[in-house]
Amino acid sequence: METQKNLILTKSMRGSQRNFYIFTLARLISELGSSIFKFALSLYILDITGSAAAFSMILALSIFPGVFVNIFGGVLVDKSNKKKIIVWSELISAIVLFSLFFLFQNYSTSLILFTCFSVVLSIINAFFALALNASIPNLAAKEHVTKLNSIYQGLGSIINIIGPILGALLYRKFGFSDILLIEGICFILAGIVEMFLIFRVDDEQQAHKSYMEGFKDVWRYLKSQETIIYLLSIVVIINFMLVPLMSVVLPFIIYKGIELTATHLSWVQAMWSVGFIGGAVVVSIQAVGKKVINKLFILVQLQSIIIVMWAFPKLSNIDANNHSLIVAIYCIILAIGGFFNAMTNIPMLTYLQLHIPDKLRASVFGVVNTAIQIAVPIGIWGYGLALEKVNWTVVVSISGVLLFIVALLAHQNKPLRNFFQNK
């Protein structure tokens with residue numbers, strides 16, 4: 001009996017290790033191709049229209065279908081074979097890209113064409129993302145889920161750095177038409193690789209239930225889990241503040257507030273991803289992950305202090321004309337912030353993945369994604385208005401203080417603290 005258990009354990013470990021390699025390769029191919037395509041699409045729309053508003057319109061219209069998929073599609077994902085959803089999402093995306101390639105030959109300046117295909121790809125990607133995030137605990141042993149999440153998130157940060165660079169180079173060298181073919185091939189390759197993933201499927205399934213019964217189960221579960229609701233609310237609040245700070249406030253500070261160049265801005269933003277990669281590597285160490293889990297909101301408090309430090313050019317005696325020193329300090333600050341962000345996000349995501357039942361995981365993540373997708377645009381709009389009304393140093397300082405208070409209250413919340421200690 002003991003020998004049989006050891007044999008099963010050995011096979012499980014080998015399966016997990018194999019999944020790590022397959023998962024990493026598939027995500028590298030698919031995510032890098034997507035990053036190149038999205039950046040090339042933005043350049044192409046700007047080239048044919050000369051209007052940033054045209055691209056923003058296409059981007060906005062492509063977001064809304066994803067919101068509806070996250071609300072209503074989670075139950076369908078939970079009731080279905082997640083591996084099939086992942087593989088078929090890649091393959092169908094390839095078909096969509098090849099179709100766009102052929103239509104592009106005759107309708108290369110049609111914004112309606114690009115809008116329709118962006119919406120379709122957004123819907124497919126929403127289902128794919130739900131299935132993938134819900135499946136990570138099924139691809140590795142429980143003690144290795146943090147490591148797999150670290151690989152996934154760290155790889156995303158690497159692609160955020162090199163994707164736009166490759167996108168610009170390939171666009172200038174080959175043109176948008178060839179990039180459509182490249183992206184379609186990437187999706188096919190990723191789908192073929194993902195066919196070899198080994199999924200561990202829990203015994204409890206929702207397949208026998210109707211859609212409405214499954215939908216009701218999700219809301220019953222959320223109502224019964226007040227601690228998880230509180231935790232997810234904090235996640236939404238953090239995204240409501242942090243995403244606009246990175247996408248709106250930081251570019252405004254660098255480009256308008258202290259009047260540095262676009263190149264300086266690219267370096268500063270890239271350092272956040274570099275720091276995130278470092279944090280992902282550190283937290284993937286099992287001993288570190290276990291120690292961090294009870295200190296997540298202390299790390300958020302540290303991030304809030306880092307945000308306040310963004311105001312250093314106006315709050316210190318540094319010469320405003322010493323651009324090299326200012327950029328260097330910003331790079332260090334952003335790298336540290338990205339490091340703490342990875343140390344917070346990855347363990348929290350892992351903990352939720354392991355705690356939420358397999359049959360409800362995609363549905364719950366769909367609810368969270370919907371809340372975030374609604375909160376972030378509101379946050380971006382609010383921060384844009386704030387920057388027009390008050391000095392950017394005030395915006396940064398107040399944001400840091402508010403984030404610190406939110407994290408402090410969360411750290412002092414006894415049920416939440418017990419949740420992380422007992423599970």
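User: Which ring does Lys173 lie over?
Analyst: Lys173 lies over the face of Phe174, at 5.8 Å from the ring centre. Keep in mind that this is a predicted model.

User: And what about Lys147, where does that one lie?
Analyst: Over the face of Phe20, with 5.3 Å to the ring centre.

User: OK, rings then. How many aromatic pairs turn up in the whole structure?
Analyst: The search finds 11 aromatic pairs. There's also an aromatic cluster, formed by Phe37, Tyr44, Phe104, Phe114 and Phe176.

User: Let's move to the nonpolar cores. Which residues touch the most other members in the largest one?
Analyst: Those are Phe297, Trp310, Tyr330, Leu334 and Phe420, in a core of 95 residues.

User: Which helix gives that core its largest share?
Analyst: Helix α8, residues 226-257, with 15 residues of the core.

User: New topic: Thr146. Is it buried or exposed?
Analyst: Thr146 counts as buried, because its relative accessibility is 17% and the cut-off for buried is under 20%. You'll find Thr146 in helix α5, which covers residues 145-174.

User: What does Thr146 contact, beyond neighbours within four places in sequence?
Analyst: Val283, Ile346 and Thr350.

User: How about cysteines, how many disulfides are there?
Analyst: The count is 0. As for individual cysteines, Cys186 counts as buried at 15% relative accessibility, and Cys331 counts as buried at 12%.

User: Now charges. How many salt bridges does the whole structure have?
Analyst: A search finds 7 salt bridges. One of them joins the side chains of Glu31 and Arg27, at 3.1 Å from N to O.

User: Where do Glu31 and Arg27 sit along their helix?
Analyst: Both are in helix α1, residues 2-49, and since they are 4 residues apart, about one helical turn separates them.

User: Which residues are in the network of salt bridges?
Analyst: Arg27, Glu31, Glu90 and Glu194 are linked in that network.

User: What does Arg220 pair up with in a salt bridge?
Analyst: Arg220 forms a salt bridge with Asp217, and their closest N and O atoms are 2.7 Å apart. Both lie in helix α7, residues 211-224, and they're 3 residues apart, or about one turn of the helix. Asp217 counts as buried, at 13% relative accessibility.

User: Last one: Arg361 and Asp358, buried or exposed?
Analyst: Both are buried. Arg361 and Asp358 form a salt bridge too, with the closest N and O atoms 3.1 Å apart.

Methods: Residues are numbered from 1 along each chain as its sequence is written. This is a predicted model: local features need pLDDT of at least 70, side-chain atom pairs count only at pLDDT 80 or more; totals for chains, interfaces and linings use all residues. Side-chain values use heavy atoms; hydrogens and water are left out. A nonpolar core is a set of buried Ala, Val, Leu, Ile, Met, Phe, Trp, Tyr and Cys residues joined through side-chain atoms within 4.5 Å. Buried means under 20% relative accessible area, exposed over 50%, partly exposed in between (1.4 Å probe, protein chains only). Helices (H or I, at least four residues) and strands (E, at least two) are DSSP runs, numbered from the N terminus. Rings of Phe, Tyr and Trp (its six-membered ring) pair if their centres lie within 6.5 Å; planes under 30 degrees apart count as stacked, over 60 as edge-to-face and the rest as tilted. A charge sits over a ring if NZ of Lys or CZ of Arg is within 6 Å of the ring centre and within 35 degrees of the ring normal. Contact means heavy atoms within 4.5 Å. A disulfide is a pair of cysteine sulfur atoms within 2.5 Å. A salt bridge is a side-chain nitrogen of Lys or Arg within 4 Å of a carboxyl oxygen of Asp or Glu.
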